[in-house]
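Subject: Structure handover and findings

Hello,

The structure I promised is below. My notes on what turned up in it come after.

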Amino acid sequence: MIDQNYRWYPVYTRSRAEKKAHEELNRKGILSYLPLKKTVKQWSDRKKIVEEPLIKSYLFAYISAKEYAEVLMTNGVARFIYFSSQIAPIPDQQINDLKLLLATDTDLELIDYDIKPGERVLIKAGPFKGIIAELVSIQNKQRIILRLQNMGYSININTSVAFVEPL
């Protein structure tokens with residue numbers, strides 16, 4: 001029997017095709033949600049605020065099992081996300097929470113790795129870009145303490161966790 005319940009499902013899109021897939025799904029009458037964040041992009045002659053996907057190559061479709069094939073036949077859609085051999089539904093509350101977070105003017109950063117104190121990290125941006133250091137502590141997402149190697153002391157750096165990556 002086909003499940004007739006409508007749920008949110010994560011959909012993986014082709015690279016940089018999130019907006020196109022979202023528009024195509026809406027054109028087909030399928031409710032979809034693409035979480036977007038505002039970022040400042042700088043070109044050589046100007047700066048511009050643009051909306052880009054919060055989660056790269058992902059969007060969410062509100063469908064029942066009978067619409068699976070229709071979603072997969074949409075331009076820009078690559079596949080559904082599976083967990084334990086089944087398409088993984090997302091609880092309505094999580095989608096609502098995500099919408100609420102994005103409705104605020106808070107600067108959100110999505111970090112897809114877990115860094116723990118004691119790990120060696122590479123600083124990706126800012127005045128210390130390219131330096132390898134040891135993470136001593138994370139005081140909050142905007143303030144971390146790094147120990148620079150061969151210097152013997154710690155430096156308190158006001159930088160985002162998003163600007164470092166584990167080695």
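**What was found**

The protein has 3 helices and 13 strands. Please keep in mind that this is a predicted model. Of its 167 residues, 32% count as buried. The exposed surface comes to about 11,000 Å², with carbon and sulfur atoms supplying 52% of that area. Among contacts between residues at least 6 apart in sequence, 56% join residues at least 24 apart.

**Sheet**

Four strands make up an open sheet, in the order E2-E5-E1-E6, with antiparallel pairing. E6 and strand E2 (31-33) are the edge strands, each pairing on one side only. From one strand to the next, the twist averages 40°. Between E1 and E5, which run antiparallel, there are 6 bridges. Within that pairing, Val11 stands opposite Leu59 in E5. Helix H3 (residues 92-103) lies across E1, E2 and E5, and runs at about 55° to E2.

In soluble globular proteins, nonpolar side chains tend to be buried together. Here the largest nonpolar core has 13 residues, and those with the most contacts inside it are Val11, Leu59, Ile63, Val71 and Phe80. Two or more residues each come from strand E1 (7-13), helix H1 (18-27), strand E5 (58-63) and strand E6 (77-80). E5 gives the largest share of this core, 3 residues.

Which residues is Leu59 in contact with, leaving aside its neighbours within four places in sequence? The list is Tyr9, Pro10, Val11, Thr13, Glu18, Ala21, His22, Leu25, Ser32, Tyr33 and Leu34. One of these, Tyr33, belongs to a second, separate core of 7 residues, which also includes Leu54, Phe60 and Leu98.

**Aromatic pairs**

The structure holds 6 aromatic pairs. One of them joins Tyr9 and Tyr68 edge-to-face, at 5.6 Å centre to centre and with 85° between the planes. This pair links distant parts of the chain, with Tyr9 in strand E1 and Tyr68 in helix H2 (residues 68-72), 59 residues apart. Tyr9 counts as buried because its relative accessibility is 2%, under the 20% cut-off. Tyr68 has 23% relative accessibility and therefore counts as partly exposed.

Tyr68 also pairs with Phe80: the ring centres are 5.4 Å apart and the planes are at 55°, so this pair is tilted. It too links distant parts of the chain, from Tyr68 in helix H2 to Phe80 in strand E6, 12 residues apart. Phe80, at 2% relative accessibility, counts as buried. Phe80 is also among the residues with the most contacts inside the largest nonpolar core.

Elsewhere, ring pairs link Tyr6, Trp8 and Tyr62 into a cluster.

**Pro53**

Pro53 lies in strand E4 (residues 47-53). Is Pro53 buried or exposed? Its relative accessibility is 9%, so Pro53 counts as buried. Leaving aside neighbours within four places in sequence, Pro53 is in contact with Glu18, Leu34, Pro35, Leu36 and Lys37. For Leu34, the separation from Pro53 is 19 residues in sequence and 6.9 Å in space, C-alpha to C-alpha.

**Strands E9 and E13**

Strand E9 (residues 120-123) has two faces: Val121 and Ile123 are on the covered one, while Arg120 and Leu122 are on the uncovered one. E9 pairs with strand E13 (residues 164-166) in the antiparallel sense, over 3 bridges. Within this pairing, the bridge partner of Leu122 in E13 is Glu165.

Regards

How values were computed. Residues are numbered from 1 along each chain as its sequence is written. This is a predicted model: local features need pLDDT of at least 70, side-chain atom pairs count only at pLDDT 80 or more; totals for chains, interfaces and linings use all residues. Side-chain values use heavy atoms; hydrogens and water are left out. A nonpolar core is a set of buried Ala, Val, Leu, Ile, Met, Phe, Trp, Tyr and Cys residues joined through side-chain atoms within 4.5 Å. Buried means under 20% relative accessible area, exposed over 50%, partly exposed in between (1.4 Å probe, protein chains only). Contact means heavy atoms within 4.5 Å. Accessible areas come from the Shrake-Rupley method with a 1.4 Å probe; for residues, only the protein chains shown count as cover. Two strands pair if DSSP finds at least two bridges between them. Axes are lines fitted to C-alpha atoms, for helices over the stretch in contact, and angles run from 0 to 180 degrees between N-to-C directions. Rings of Phe, Tyr and Trp (its six-membered ring) pair if their centres lie within 6.5 Å; planes under 30 degrees apart count as stacked, over 60 as edge-to-face and the rest as tilted.
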